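Thanks for coming. I'll go through the overall fold and then some of the charged contacts.

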Amino acid sequence: MTDSLTVRDNRTGTEYDVPIVDGTIKAADLGKIRTDDETPGLAVYDPGFVNTASCRSAVTYIDGDKGILEYRGYPIEQLAEGSNFLEVAYLLVNGTLPTKEEYEAWVHEITYHTFVHENVKTFMEGFRYDAHPMGMLMASVGALSTFYPEAADIKDPENRHMQIIRLIAKMPTLGAWAFRHAQGKPFVYPDNDLSYTANFLSMLFKMSEQRYEPDERLVKALDVLFILHADHEQNCSTNAVRSVGSSQVDPYSAVAAGIGALYGPLHGGANEAVLRSLRRIGSKDNIPDFIKGVKDGNERLMGFGHRVYKNYDPRARIIKKAAEDVFEVTGTENPLLEIALELEKIALEDEYFVKRKLYPNVDFYSGLIYEAFQFPPEMFTVLFAIGRTPGWLAQWLELVQDPEQKIARPKQIYTGDRTLDFTPADKRWA
Ligand SMILES: CC(C)(COP(=O)(O)OP(=O)(O)OC[C@H]1O[C@@H](n2cnc3c(N)ncnc32)[C@H](O)[C@@H]1OP(=O)(O)O)[C@@H](O)C(=O)NCCC(=O)NCCS
C-alpha cells in the first residue's frame, strides 16, 4: 500500500502524486495542480473547516463514534473522578501530570494571582447596570493586556508562563465581578485561603458573613464541570484563540477573542436553550406531543446530538451524576429535572433518535445544574469560559511554539464584480 493519492487533472491530463501523512494531504500540495503558470493552483473550499485540519495538536483526543474524550491521553472520566480543575489545568498546559512540588507551586502561583489591579474594578463598574456578564468578561480580559504590556513578548517562556498563571487565576475574579455588577452587589475580593473553585463561589455569593464557606459537594460539582469544559480540541472558540494568536498578539487579546466566539448561541448557548424547551414542555404529560413535534421536524430536542459525538457524549454521563449531587444539596424539587430524565429515557429508546445517533450532549444537564446554583442563564457561558481557559492557553502555547504554524489567512472564492470604472460622487449624483 502506498501512502499517496494519485490525482489526474482532467483539464490537462496531468497526473500528480500527493503524499498522505497522518490521514491528511497538504493543501499546499493541491496548490501545485494548475492548468498553466498564470492561473492559481487548486484550493479546497471548506466553509467552517468541517474537513480541514488546521494544526497538529497533542492536547486533546476525541473519538466521536466511540464517545472517547482524553486530555493529554487521560480519559475524561478518570480526571473528573480523581483529579481537580487546577491539576487538570496543569496537565493541559504542561503536557504531563505534576509532581507534588510542581502541583503545590502551580496552585500557590495561581492562588496568589487571583487579585486584579484596582483600576480593573473601576473599569468594570463603568458598564451599564444591565451589561451582559459575557460582554464584561470579554472586555475585561482584553483590557488585562493593557495592565501587562510585557505579555506582548510571547517568545519568552517565563513571560508566557506568567501570563498563563494570571489568566487562569483572574478569570474567576472577573467572572464573579461581572455577575455581581448585574446584581448591583459590591465586588467581593478573592479569599486565598479557599480553593480555586470555593473562592469563586465566595466571590459570587458572599454577603455580610465574615467568611463564605460553600458546601464541599457544590464545590466538587462545579470543579467537575470546569474539568469537563477545560478543552475540546479545535472548536470555534479555540480556533478563534489560535487564529488571533497566530498574529503573535499577547494571550489576553487571543483569549478575549475566544470568549467572543463562545458568547455566540451556536457555541456556548445550548444549555440555556435546553432550559427554555424544558420549561415550555412544562410537565411530563406533554412529552409525547413534544417528541412528536421533534420527529415531524418542527423543532429540535435541544441538548441532544453533536457534530463530533455520534455516541453518548462522555461528559453528559458525568454531568448527570454531578446534577444528582447538586440537587441533593440544594434540595431543589426541580420539575424540569423530572422532564429531562423522562425525555432522555424516551429518546434513547425511540427509533428516530437511535437511527440518527442522537444522544444527550454536555449541555443537556449542565443548565439544570447551573440553575440549581441560582445562576441566571447569562452566566452559563461565563462558567464555560472559566473552565475553557486552560484549554485555550494550552492550545495557544502549542501554537506559538509550533514551527509549522503561520499567520491564519484563509483563501476565498471571489464572487464579486471586476474592473468596474469608478465615477466620483459629484459626477454620479449630478
Ligand atoms: C449539535 C448539532 C448542531 C449537530 O448537528 P449535525 O452534526 O450537523 O447534525 P445534523 O444537523 O446534520 O442532523 C442529522 C440528523 O439528525 C437530526 N437531528 C440532529 N440533532 C437533532 C436534535 N437535537 N433533535 C432532533 N433531531 C436532530 C437532524 O434533523 C437530521 O435528521 P435528518 O437526517 O432526518 O435530516 C445538532 O445535533 C443540534 O442542533 N442539536 C441541538 C442543539 C444542541 O444541543 N447543541 C449543543 C451541541 S454541544
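This is a predicted model. The protein chain has 19 helices and five strands. Its radius of gyration is 24 Å, close to the 22 Å that the globule rule gives for 430 residues, so the chain is as compact as a globular protein of that length. Along the principal axes, the C-alpha atoms fill a box of roughly 75 × 65 × 55 Å. Of the 430 residues, 47% count as buried.

Now charge. The protein chain carries 46 positive and 62 negative side chains, and the centres of the two sets lie 4 Å apart. Searching the whole structure gives 22 salt bridges.

I'll take a few of them. K32 bridges to D29, with the closest N and O atoms 3.0 Å apart. K32 is exposed, at a relative accessible area of 55%, while D29 is buried, at 15%.

R211 pairs with E213, and here the closest N and O atoms are 3.7 Å apart. R211 counts as partly exposed at 35% relative accessibility; E213 counts as exposed at 59%.

E328 and R217 form a salt bridge at 3.2 Å, N to O. This pair links distant parts of the chain: E328 sits in helix α14 (residues 314–330) and R217 in helix α9 (residues 216–229), 111 residues apart. E328 is exposed, with a relative accessible area of 55%, and R217 is partly exposed, with 40%.

Last, a network of salt bridges links D22, R56 and E404.

How values were computed
Residues numbered from 1 in each chain as written. Predicted model: local features only at pLDDT ≥ 70, side-chain atom pairs only at ≥ 80, totals over all residues. Heavy atoms only, no water. Helix = DSSP H or I, 4+ residues; strand = E, 2+ residues; numbered from the N terminus. Rg over C-alpha atoms; globule rule 2.2 N^0.38 Å. Buried < 20%, exposed > 50% of the residue type's maximum accessible area, 1.4 Å probe, protein only. Lys, Arg positive; Asp, Glu negative; His and termini not counted. Charge placed at Lys NZ, Arg CZ, Asp CG, Glu CD. Salt bridge = Lys/Arg side-chain N within 4 Å of Asp/Glu carboxyl O.
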